[in-house]
Amino acid sequence: MESISSADLKKHLYIIASDEMEGRETGSEGQKRAGKYMISEYKKMGVSHPNTIESFYQTVPQEYLGARRGKTYPESENILTFIEGTEKPHEIIVLSAHYDHVGKNKAGEIFNGADDDGSGTVALMEIAEAFQLAKKAGKAPKRSVLFLHVTAEEIGLVGSKYYVENPVFPLANTVANLNIDMIGRSDPENKGKNYVYVIGSDKLSTSLKKINEASNAATVNLELNYKYDDPNDPEMLYYRSDHYNFAKNNVPAAFYFDGIHEDYHRPTDTPDKIDYELLKKRTQLVFATAWELANREERIVVDVKSSR
Ligand SMILES: [Zn+2]
């Protein structure tokens with residue numbers, strides 16, 4: 001877990017959220033460039049794609065993306081990397097974060113999307129590295145871990161929907177999904193606090209929330225804020241990021257989030273505004289929770305009736 005450093009997160013994020021990536025709009029050259037960077041970093045770590053597919057890419061066809069928000073989008077790719085478990089390789093923990101963002105506006109201003117969701121993108125890369133280092137040290141996880149960098153989140157959670165309809169490992173063997181979408185900033189009501197919002201962790205399995213809490217207590221000790229678990233919350237965040245496509249399919253999921261801040265979906269969501277220490281702690285929490293999910297004796301069970 002010590003390999004997850006604020007310096008590495010910063011180095012990756014300044015590239016993922018650079019102007020060169022042109023706001024990573026679904027199917028754009030800029031998004032593909034960001035994807036190539038991610039893959040080159042995975043190759044450096046020695047982390048490959050799942051053996052069930054031919055490359056790091058799962059192509060989401062243009063016809064599937066369809067016309068959304070008054071626009072048509074070219075084909076685009078989910079990017080998948082994988083660390084195979086030793087004892088229960090067929091049981092999969094999915095860690096997800098979207099690497100698309102909203103591109104540019106009519107005036108040509110770039111929406112860098114450093115927090116949304118550059119932060120989740122680089123967190124996944126660092127978590128993968130930590131698992132890979134453990135594996136190299138002879139401590140590979142018992143279960144397998146799939147790192148799912150999804151496309152087309154911003155146009156309606158489309159990349160994750162495509163994945164759950166075309167999973168590369170059966171959803172029945174998918175133990176849990178931890179989804180990261182914005183973990184590098186603070187919202188106005190939590191400025192200065194070591195916190196993170198955790199959303200949906202008790203909706204399908206009573207153990208997921210407990211495991212996340214125990215992992216947190218044993219490591220970074222963040223304040224876990226469950227405000228958005230309130231079904232009457234007007235933001236309805238449980239339905240607004242990629243974990244929901246897993247939850248809909250009865251896969252227990254938790255969504256890690258920093259709140260809605262002043263630069264949300266603005267050209268000012270830039271990497272200089274990220275709190276890298278806090279990003280590191282939140283990334284370490286997701287790693288610790290994933291580690292426990294991958295290594296505990298029994299897989300977590302779905303013991304709460306879905307109320308969708
Ligand atoms: Zn997002």
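Which residue in β4 is the bridge partner of Y57? Before selecting anything, note that this is a predicted model, in which local features need pLDDT of at least 70, side-chain atom pairs count only at pLDDT 80 or more, and totals for chains, interfaces and linings use all residues. Residues are numbered from 1 along each chain as its sequence is written.

Begin with the open sheet, whose eight strands follow the order β1-β4-β6-β5-β7-β10-β8-β9 with mixed pairing; strands (E, at least two residues) and helices (H or I, at least four) are DSSP runs numbered from the N terminus, and two strands pair if DSSP finds at least two bridges between them. Select β1 (57-60) and β9 (223-225) next: each has a single partner strand and stands at an edge, so one side of each is left without a neighbour in the sheet.

Within β4, I79 is the bridge partner of Y57. Then show helix α2 (residues 29-45), which packs on the sheet by touching β4 and β6 (143-150), and whose direction makes about 10 degrees with that of β4; angles run from 0 to 180 degrees between N-to-C directions, and axes are lines fitted to C-alpha atoms, for helices over the stretch in contact.

Finally, select helix α1 (residues 6-16) and helix α8 (residues 276-295), whose axes come within 9 Å and cross at roughly 105 degrees. The two helices are therefore roughly perpendicular to each other, a label that covers 65 to 115 degrees. Their contact (C-beta atoms, placed from the backbone, within 7 Å) is made by S6, L9 and K10 of α1 with Y276, E277, L279, K280 and T283 of α8.

Notes. Two residues are in contact if their C-beta atoms, placed from the backbone, lie within 7 Å. Angles under 35 degrees count as roughly parallel, over 145 as roughly antiparallel, 65 to 115 as roughly perpendicular and the rest as oblique.
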